[in-house]
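Hi,

Here is the structure I promised to pass on.

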Amino acid sequence: MSRVHIIGAGLSGLAAAVRLIENDVKVTVYDSAGHAGGRCRTFFDKHLEREIDNGNHLIMSGNKSSLSYLDRIGTVDPLTGPKFALYPFVDVVTKNRWTVRLNEGPIPFWVFDKKWRVPHTKLMDYVRAAKIAFANDAQTVADVVDPDSVLFERFWEPLTLAVLNTTPEKGQAKLLWRVIRETFLLGGQASIPLTAKTGLGHAFIDPAVKFIETNGGTVRVGARLRSAWMEGGEVTSLNFPDETVTLEPEDKVIFAIPPSRLKQLLPDIDPPEDEASILNIHYRLGRPVPKEALGDGPFIGMVSSAGQWAFVRDDVISITTSASDALGTDDMPNDQVVAQIWKEVCVALDLGEAAYERVRVIREKRATPDQSPAGVRKRLKPETHYRNLFLAGDHIDTGVPATIEGSIRSGDRAAELVLHANMQGKP
């Protein structure tokens with residue numbers, strides 16, 4: 001029986017492995033790191049003396065591929081979130097607070113209700129912004145939504161930063177619209193924000209690794225692929241530091257690795273750049289964090305601030321700043337950015353003059369691929385000109401942005417292509 005060799009044990013690689021195992025295909029997953037998960041992982045931080053996630057990730061109740069993946073790997077009760085589609089915000093300068101609440105059903109009655117829409121916006125603001133549905137491939141979010149409007153500052157900009165990890169002036173409007181079409185446009189039942197209850201690794205990674213290994217698959221960490229040998233239009237061997245794996249005639253390969261690494265292995269391709277960065281700061285309070293400001297959810301959006309989203313788990317407050325390279329926080333020394341964002345956190349969570357006990361700064365320099373119109377044009381197809389090589393990852397053209405949902409979809413798609421190729425090869 002043929003085997004599929006998957007290079008990369010991030011979400012896309014694991015999703016591909018799970019899908020293949022469900023179809024009785026043998027798999028071996030390799031990763032250069034000492035752990036599976038890539039950017040989506042949970043680890044014990046010795047300085048904080050707490051488990052934290054490498055970065056904060058939000059999924060939505062309309063992310064069908066993500067929810068299906070969690071169900072198939074057997075994760076038990078992994079997510080938490082409000083009962084309804086609630087998005088709390090605070091302007092840390094004016095200290096104004098508001099909550100955007102989407103009603104159930106596809107008709108957006110919430111935009112007619114001053115209590116639930118963004119404060120100081122009018123119905124026509126939403127009507128005018130609807131032209132994002134007709135954006136072309138070359139237009140950015142700022143091209144189709146008025147950048148001087150209150151709705152832009154309090155909705156479109158935070159949404160673009162969170163989903164596309166870039167500014168509205170750079171992010172492709174069409175790509176953002178695809179998320180809106182699958183979530184907000186379907187109403188509140190598809191737009192409930194969800195986070196991992198005890199950690200991303202516990203929800204998305206550890207159960208997947210267990211599923212793969214329990215069902216006969218192999219996950220090898222600390223195995224960096226040095227090179228792949230191509231001959232006769234296909235991959236014939238994979239070269240690791242401690243061994244060379246020679247492929248059998250029916251074996252397949254999936255590269256589920258970041259664009260910069262992919263370019264090293266396949267110099268003839270031209271993937272999007274992956275230099276968009278994310279700043280994560282984890283503050284340990286030493287006592288349970290008050291949650292009144294969060295409402296029914298585990299997070300709050302922050303406007304007019306360097307920090308953008310504050311997530312709370314027990315006594316740890318985790319802050320995410322997307323597009324930190326474009327917004328200048330990458331250039332700020334750790335002590336400066338920690339002090340500034342802590343002041344904002346104290347406003348956002350109504351902590352007064354509270355002090356934190358310990359802090360950990362994590363800068364992800366290559367967090368996501370370029371999601372500008374130019375970057376989106378360079379997204380790769382999962383097929384390659386090698387008969388037995390397929391691609392997965394958040395830089396693959398899945399129709400959605402580089403998110404957890406996009407990564408899982410890319411893995412599922414690569415697995416489907418392998419299965420189809422296997423069927424084609426049968427006599």
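Below is what turned up, grouped by topic.

First, the ground rules. This is a predicted model, so local features need pLDDT of at least 70 and side-chain atom pairs count only at pLDDT 80 or more, while totals for chains, interfaces and linings use all residues. Residues are numbered from 1 along each chain as its sequence is written, and side-chain values use heavy atoms, with hydrogens and water left out.

**Salt bridges**

How many salt bridges does a search of the whole structure find? The search gives 24, where a salt bridge is a side-chain nitrogen of Lys or Arg within 4 Å of a carboxyl oxygen of Asp or Glu. Three of them are described here, starting with one inside a helix. (Helices are DSSP runs of H or I with at least four residues, strands are runs of E with at least two, and both are numbered from the N terminus.)

Arginine 19 pairs with glutamate 22, and their closest N and O atoms are 3.9 Å apart. Both residues sit in helix 1 (residues 11-22), 3 residues apart, which is about one turn of the helix. Arginine 19 is partly exposed at a relative accessible area of 21%, and glutamate 22 is partly exposed too, at 32%. For the cut-offs: buried means under 20% relative accessible area, exposed means over 50%, and partly exposed is in between, using a 1.4 Å probe and protein chains only.

The next one is lysine 174 with aspartate 137, whose closest N and O atoms are 2.8 Å apart. Lysine 174 belongs to helix 6 (residues 173-182) and aspartate 137 to the loop between helix 3 and helix 4 (141-144), so this pair ties together parts that are 37 residues apart in sequence. Lysine 174 has 27% relative accessibility, so it counts as partly exposed. Aspartate 137 is also partly exposed, with a value of 40%.

Then there is aspartate 270 with lysine 378, at 3.2 Å between the closest N and O atoms. This pair links distant parts of the chain, 108 residues apart: aspartate 270 is in the loop between helix 8 (259-265) and strand 15 (276-284), and lysine 378 is in the loop between helix 11 (373-377) and strand 20 (389-391). Aspartate 270 is partly exposed at 46%, and lysine 378 is partly exposed at 29%.

**Helix packing**

How do helix 2 and helix 7 pack? Helix 2 (residues 64-72) and helix 7 (residues 200-214) meet at an angle of about 45°, and their axes are 9 Å apart. The axes are lines fitted to C-alpha atoms, for helices over the stretch in contact, and angles run from 0 to 180 degrees between N-to-C directions. The two helices are therefore oblique to each other; angles under 35 degrees count as roughly parallel, over 145 as roughly antiparallel, 65 to 115 as roughly perpendicular and the rest as oblique. The crossing of helix 2 and helix 7 is left-handed, meaning that the near helix is turned anticlockwise from the far one by less than a right angle (clockwise would be right-handed).

**Surface patch**

Ile107, Phe109, Phe112, Leu123, Met124 and Val127 make a nonpolar surface patch of about 580 Å². Patch residues have over 30% relative accessible area and no salt bridge; like charges are joined within 9 Å, and nonpolar side chains (Val, Leu, Ile, Met, Phe, Trp, Tyr) within 5 Å. Areas come from the Shrake-Rupley method with a 1.4 Å probe, and for residues only the protein chains shown count as cover. Leucine 123 lies in helix 3 (residues 123-129) and is partly exposed at 31%.

**Backbone and distances**

Two residues have a positive phi without being glycine. Histidine 120 has phi near 65°, lies in the loop between strand 8 (97-102) and helix 3, and is exposed at 66%. Asparagine 165 has phi of about 50°, lies in the loop between helix 5 (150-164) and helix 6, and is buried at 4%.

Finally, aspartate 53 in strand 4 (residues 50-53) is buried at 6%.

Cheers
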